[in-house]
Each structure stands twice: as structure tokens, then as C-alpha cells.
Amino acid sequence: MNFGGRFLAFSLLGLFASVVIPPFLDAYYLHILISILFWGYLGSCWNILGGYAGQFSFGHAAFFGVGAYASSLLFVDAGISPWIGMVVGAVLALLLGLFIGYLCFRYGLKGPYFALSMLACAQMLQIIAVNWKAVKGALGVLIPLGDSFLNFTFKNRLPYYYIILAMMIGILILTKWLQEKRLGYYFFAIREDEDAAKALGINIQKYKMIAMALSSFTTALGGTFYAQYYYYIDPSLSFGGPVSIDILLRPIVGGPGTVFGPLVGSLLLSPLSEITRSLFRQYSGLHQMIFGAILIATVIFLPRGIMGLIQDVGLRVRTNKEKVEPHVPA
Amino acid sequence: MCLLEVKGLTKRFGGVTAVHRVDFSISKGEILGMIGPNGAGKTTLFHLITGFHGGDEGHIFFKGEEISTLRPDQICKRGITRTFQIVKPFLHLTVLQNVTIGALNRVTEAGSARQTALETLHFTGLEKKKDQLGVHLTTPERKRLELARALATRPELLLLDEVMAGLRPKEIQEMIGLIRDIRGKGITVFVIEHIMKVIMSLSDRIVVLNYGEKIATGTPAEISKDQKVIKAYLGKEYVFAER
């Protein structure tokens, strides 16, 4: 079987296992699986802008928080189903993304300047949320408990698991799709060299905005999921710096600019975070120190993440094979 | 037929006038060379034509239409593509991906762009390297990739900024052959080159810049006899090279 076939078989097996096994797991393990998929999903959303188009956002919590707040407030204050709120939040986040994107890209903010602008945006939203009565200020929003699909609230964790699984599969398909299309090629070109991209006929402003739109919209959907899963959001849980860092950590460790990188990163980091959190309850924040160490190690030793390592090994195996085959002159 | 026409083009950087009232035109199907000492404004002129810099005065017409206010990507869509003096390969993409991105200028579908890219790689002799990452290429290969990527955009006018620099004599001969082949395909070529022998044998006509001003145009034979050119630029070096 060739590489593609084997890969397909593996993914189908993985998909089958992830659909069939969870009903037999207890709540704690289910929570870890949800955590893996949830952070893998958010990482994949970030990956479109940060990994593919190379626009390193340090403030994705802005979109996450807008999604979480929009659906929660619509649900609590107006009784509108979070499923509708989810879309409303995503559209608002998209508009916010286009607004910041326009300002940043129009004036050519790159690298650390763009990253810091995004961070500032998230921070501003956090401060606004803390001080604005209409969004319940520092108290946050409490989602009423319930068990109804229409209200996106469930007693059991299993429905949440299947929802986030579907979201994860959706974002994987989206990422894979754009990687094969002109869009993906153009994102890569912009990431690699903006001047060369321009000279080859790429309207870099336009394509950065597209990346921003896709990324902000999808990130906000994750925000709604978070609110409905934890039944509670507040300004720092939604817009805080740690949220932004948690979002970008998985794709960077797993492999930015690859379809499966964020999920692979999440497979490693999310259980680690959950386990250290439950093992060392008295030392809160320990998991963030471990994350910091992993991030430093990744940046130094695996600049292209785990997927980069896998690709390099694959390439080496293939080129070795070519060398072994005798060269037949034509 | 006149493909590109530059009229009174001027570009200032603060107090420095990098390009000063330059006029010239390029006819369809020719190879036009551009020479001039370091800092004469050659690359700046390329930046102006391809929209990377906006000019302060003057006009640029491509096929009769003003293009001096367009962005680089719009100019590329019209049919002018350039290479960079300091090559800019997409380092973490394969050679094939690099060239496919160029080919996407004319087709939206990635599959047919890949097909065009493969043809271009065959034409430029990079076929064997197609799965290598840009970062793993040698300097001559990078120069070739730069050229292949620009060609894949299917330009009518190709601007080459010192594609021979850093190449060995044998590689230079190959590159000259390649540029002639490109012209053979009906693509007009505008080339900056420092190596006199190359520019003299390759060009149909030559434009000479000095301190941002055009001091001469003509066939290689005319240029090499032009007193202004010999005085301003070729001078001792040329005499030296001839020996």
C-alpha cells in the first residue's frame, strides 16, 4: 500500500475509534478527550492565519471571547438558542477580524508588530468586558443548567464530545481543502516572502484578509462551545492572555502550517495540562510552567513542530530508497 | 510594436534622485539590456516598472495603457513579471510548489497550475529538483528557480535583475541559452547585467544609466563606441577586460 492509502486507512481507523469508543469511557476520560479536540480545534483555527498565511496572532482570545460572549448573552438575556448565537458570534468575530486585519495589513504591520496589535486588541476587549455592565462586567455570564439540544446544554458529556468531534473534523476538512487550492498556495507564498508573492501576481492584502476572516469566524465558534460546556464565562476566561497562548501553543508544538499539526500538538499538551492540573492541585499554574518549557524546547529543537520532524524523517526514508535503486540510463 | 514605454520617469529618495527623467521603450520580442555602474538606478527602475515603488514624475505605458499607479500584483496580471537581484525563493516549499504559485497567476485551479509548473520546470532544466525544498538549493539552482517561477506566470515582458551574478562560466552559458529560448517563445526580455561579455552578446539593444540618468541607447556595437559611455562607465574596466 502506498503512503496515501496507508494514511487514509489510519484516519478512517482513528475516526471509527473516536466515534465508537467514547460511550464506554467515564466522565473524566471523556473530559480529556473533549479537551484534546477543543484545543485542537482552536489551534486549527489559529493555524489558518498563523501557520498557513504566516500572520502570527498573539490575541486570538479576542475572537474566542466575542464568540463566547455573543452566544451566552443572547441566550441568557434574550433566550435565543446558542446555536443561533454561535453563528451571530462568529459573524461578529469575523467583522472584528476584518477590522483589525484591515488596519494592520493596510499599514504593513508584520511579525511581532502584528502579534502585539492582536494582543492589544484582546486586552482592550477584556478591559471593556470587565467594565461594561451590559455584559455583566467582572461577574461574567452564568449559563443556566439544562438538558436540551436546542439550548446546547447537556447533562452528559457525550453530546459535547460528538459536537466538538464534528467541529474538529470540519476544520480538518477545511484546512485540507484550502491546502490543495490556490488559496493555500497563496497563503504559503505570503508566509514565505511577501515581495516575491507580490511579484507573482498575489494581492497579499486580499489574501491576508481571507485568512483572517476564516480564522476569526471559526475561532468564535469554539468560544460558544466553551461557554456551553463550562456553563460559565468571564472576561479573563474569554479574552485573557493565557487563552491566546493556549490557542497558539498546540499548532506551534504540533507543526504550524500542516493539517494535523494542531491536533497532534493537542494530543500531547492537552492531556498533560489536565493531568498536571489534577495531580498538583495545590500548585495551580504548574502546567503553564511545563508548557513554557515545552514551548522553549520546541522552538529550539523542532522549529517546524512534530509534523515537521515526521516530514523530515519521511523525506529521508524516501530519498534513501531512491539512492538504493540502481540508476538505469535511458 | 512598442510594448513598454517609459516617459520622463523620476524617483527621489529624500535628497537623492535615484532615477531622473528616464525615457526609453521596449519593442515586442526584443532583448533589451540595461547597464550602469553600481547605484546608477537600474534596480530602482525595475521597482518602478513593476510597481514596487511609486514614481514621483513621469509615466509608464504597457501596451498603450498607463500602469504607473498599479500595484505589483496588478502589473503581474497585465503581463510583466520580474526576478529579484537577491533571489527570494519560498524556502520552505518545494521547487514544484514554488513554480506552481507562479502558474496560479493565470489559472485558478491548482491541478492545471501544477501541470504548467511541470512544463516550466522541464523548460528550465529543474525537473529533477522538483521535490526539493527551496532552502536546499544551491545558488545557481535558486537563480534558475527564480526565473522558472517568473516564467510560470506567463508574462509578455520578463524583467531579469542580474540572473547571472554568482554563476560560473559554464552556468552563465547555459543561462544565456535559456534566455534566448525564452525570447524564442515570444517573450520580451529586459535584463540588467553586470558581466559585459554577457550583455553585449545577449542584447539586441542596450540602455545605459549613470547617476539615474539615461546617457545612451543603441545596439551593443554602438554602445561600445559611444564616447559618453566609455567615459562614464566602461572606461578603464572595459579596456582591462578586453586585454
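This is a predicted model: local features need pLDDT of at least 70, side-chain atom pairs count only at pLDDT 80 or more; totals for chains, interfaces and linings use all residues.
**View 1. Packing of helix α3 against helix α5 in chain B.** Helix α3(B), residues 95–103, and helix α5(B), residues 139–152, have axes 6 Å apart and pack at an angle of about 30 degrees. The crossing of α3(B) with α5(B) is right-handed. On the α3(B) side the contact is made by B:V95, B:N98, B:V99, B:G102 and B:A103, and on the α5(B) side by B:L145, B:A148, B:R149, B:A150 and B:A152. Seven of the residues in this contact of α3(B) with α5(B) are nonpolar, two are polar and one is charged.

**View 2. Surroundings of helix α3(B).** Eight of the nine residues of α3(B) are buried, and the helix is mostly covered. The buried residues are B:V95, B:Q97, B:N98, B:V99, B:T100, B:I101, B:G102 and B:A103. They pack against elements of both chains: α7 of chain A, together with α4 (110–124) and α5 of chain B.

**View 3. Packing of helix α4 against helix α5 in chain B.** The two axes cross at roughly 135 degrees and come within 9 Å. At this angle α4(B) is oblique to α5(B). The crossing of α4(B) and α5(B) is right-handed. Helix α4(B) contributes B:T116, B:A117, B:T120, B:L121 and B:T124, which meet B:R144, B:L147, B:A148, B:L151 and B:A152 in α5(B). The residues of this contact of α4(B) with α5(B) comprise six nonpolar, three polar and one charged. B:A148 and B:A152 of α5(B) are among the residues that meet α4(B), and B:A148 and B:A152 are also among those that meet α3(B).

**View 4. The contact between chains A and B.** Chain A gives 16 residues to the contact and chain B gives 23 residues. On the side of chain A that touches chain B, the elements giving two or more residues are α7 (182–192) and α8 (194–199) of chain A. Helix α7(A) supplies the largest share of that side, five residues. By type, the residues on the side of chain A that touches chain B are seven nonpolar, two polar and seven charged. Helix α7 of chain A is also one of the elements against which the buried residues of α3(B) pack.

**View 5. The four-stranded sheet of chain B.** This open sheet has the strand order β2-β1-β4-β5 and antiparallel pairing. Strands β2 (16–27) and β5 (65–66) of chain B are at the edges; each has a single partner strand, so one side of each lacks a neighbour in the sheet. Eight bridges pair β1(B), residues 2–13, with β2(B) in the antiparallel sense. B:K11 has B:V19 in β2(B) as its bridge partner. Helix α1(B), residues 42–49, lies across β1, β2 and β4 (57–62) of chain B and runs at about 65 degrees to β2(B).

**View 6. The six-stranded sheet of chain B.** The strands of this open sheet follow the order β6-β7-β8-β3-β9-β10, with mixed pairing. Its edge strands, β6 (80–82) and β10 (213–218) of chain B, each pair on one side only. On average, and with direction ignored, neighbouring strands of this sheet are turned by 15 degrees against each other. Strand β3(B), residues 31–35, runs parallel to β9(B), residues 205–210, and four bridges join them. B:I35 stands opposite B:V208 in β9(B). Helix α6(B), residues 169–184, lies across β3, β7 (157–161) and β8 (188–192) of chain B and runs at about 150 degrees to β8(B).

View 7. A:F38 counts as buried because it has 22 C-beta neighbours inside 10 Å. Neighbours within four places in sequence aside, A:F38 is in contact with A:I164, A:G222 and A:F225. Its C-alpha atom is separated by 8.6 Å from that of A:M167, a residue 129 residues apart along the chain.

View 8. With 11 other C-beta atoms within 10 Å, B:V135 is exposed. Neighbours within four places in sequence aside, B:V135 is in contact with B:L91 and B:H92. The C-alpha atoms of B:V135 and B:L93 are separated by 8.2 Å, and these residues are 42 residues apart along the chain.

Definitions and conventions: Residues are numbered from 1 along each chain as its sequence is written. Chains are lettered from A and ligands numbered from 1 in the order in which they are written. Axes are lines fitted to C-alpha atoms, for helices over the stretch in contact, and angles run from 0 to 180 degrees between N-to-C directions. A crossing is left-handed if the near helix is turned anticlockwise from the far one by less than a right angle, and right-handed if clockwise. Two residues are in contact if their C-beta atoms, placed from the backbone, lie within 7 Å. Ala, Val, Leu, Ile, Met, Phe, Trp, Tyr, Cys and Pro count as nonpolar, Asp, Glu, Lys and Arg as charged, and the others, Gly among them, as polar. A residue is buried if 20 or more other C-beta atoms lie within 10 Å of its own, exposed if 12 or fewer, and partly exposed in between; C-beta atoms are placed from the backbone. Angles under 35 degrees count as roughly parallel, over 145 as roughly antiparallel, 65 to 115 as roughly perpendicular and the rest as oblique. Two strands pair if DSSP finds at least two bridges between them.
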